[in-house]
Amino acid sequence: MITLYGAGEGFGLPEISPYVTKTEVQLRMAGLAYEKVRAAPQESPKGQMPFLDAGGVRIADSTFIRGYLERTYGLDFDEGLSPRQRAEAWAIERMVENHLGWVMIHGRWLIPENFAKGPAHVFDGAPAFVRDQARRAVEQTVHGVGIGRHSDLEIVALGVRSLAAVAAILGEQRYLFGPRPCGADATVFAMLAAILTPFFETELKRRAEGFGTLVAYVDRLMAQFYPGFEWDVETAVRAPVAA
Ligand SMILES: N[C@@H](CCC(=O)N[C@@H](CS)C(=O)NCC(=O)O)C(=O)O
């Protein structure tokens, strides 16, 4: 049995972490049975989520988990893609995870109102200094990767360039590379949902809402991979926040 460790439902999303969402969607794409357990990053072999336990074997990091699933179950999430499309899928994934992801994190953790209603609650019950330390650590990381050195306007402008790039690649297609989803669809869906969740107010979300094809794409994939989940403002207000 596969156990997927993640942050759990919250912030108006079926899963708080876009990286865990990516893995969960890939498990669902493959039709693999799994149980999901809520965990903290410190429990992961790499100190980050997601991580997976498959019969005692622990694998951390969404990209290495994908590789493990493909090797172990004889899968190819990019089946049908040409070598060029596979390269483009990798490039899209890196842009979304390692660039757009930091813009999303900036909106969640470093806009004070969003931090107060969202990530701060992860530390409910812990002393205030633990919460403040965690926020400062994220601030330092966002500064370290470079995004945090820009003005708020510049950060949004960089995020919008990535949104526009994804929208240009998607065009009017159902999935990134046509009528079938590939591995990178899980990544892109996860990050766009994290940006578009009604739970947070960010300028990036407001700009993302202007990309009608991206909004429709997230709605479509949410209905496909999380059919029981109410993806709407009502849910965002009601959804529990990770404890
Ligand atoms: N490269 C990793 C990134 C995972 C990641 O950033 N996870 C976040 C949750 S969204 C985390 O665990 N952060 C805690 C930390 O970095 O200390 C992957 O693809 O799995």
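1. The largest nonpolar core of this predicted model holds 57 residues. Those with the most contacts inside the core are Val188, Phe189, Met191, Leu192, Ala193 and Val218. Helix α7, residues 183–196, is the element that gives the most to this core, with 11 residues. Because domain 1 (2–73) and domain 2 (83–227) both give residues to the core, it lies between them. In soluble globular proteins, nonpolar side chains tend to be buried together.

2. Leaving aside residues up to four places away in sequence, methionine 191 touches Pro18, Val96, Leu100, Gly101 and Met104.

3. On the division of the chain: domain 1 covers 2–73 and domain 2 covers 83–227. Their C-alpha centres are 18 Å apart. To the contact between them, domain 1 brings 12 residues and domain 2 brings 17 residues. Which helix gives the most to the side of domain 1 that touches domain 2? Helix α1, residues 18–30, does, with 7 residues. By class, this side of domain 1 has 6 nonpolar, 3 polar and 3 charged residues.

4. The next point is a strand pair. Strand β3 (residues 51–54) runs antiparallel to strand β4 (residues 57–60), and 4 bridges join the two. Within the pair, leucine 52 is placed opposite isoleucine 59 of β4. The two strands make a hairpin with 2 residues between them. In the turn, glycine 55 has a positive phi of about 60°.

5. Arginine 58 belongs to strand β4. Is this residue buried or partly exposed? Arginine 58 has 14 other C-beta atoms within 10 Å, so it counts as partly exposed; a buried residue would need 20 or more, and an exposed one 12 or fewer. Not counting residues up to four places away in sequence, arginine 58 touches Pro45, Phe51 and Asp53. Glycine 183 is 125 residues from arginine 58 in sequence, and the two are 21 Å apart in space, C-alpha to C-alpha.

6. Last, the ligand. The residues surrounding the ligand are Ser17, Tyr19, Pro41, Gly47, Gln48, Met49, Pro50, Asp61, Ser62 and Thr63. By class, this shell has 4 nonpolar, 5 polar and 1 charged residues.

Definitions and conventions:
Residues numbered from 1 in each chain as written. Predicted model: local features only at pLDDT ≥ 70, side-chain atom pairs only at ≥ 80, totals over all residues. Near = placed C-beta within 6 Å. Nonpolar A, V, L, I, M, F, W, Y, C, P; charged D, E, K, R; others polar. Pairing = 2+ DSSP bridges. Domains from an automatic or database assignment. Contact = placed C-beta atoms within 7 Å. Core = buried A, V, L, I, M, F, W, Y, C linked by C-beta atoms within 7 Å.
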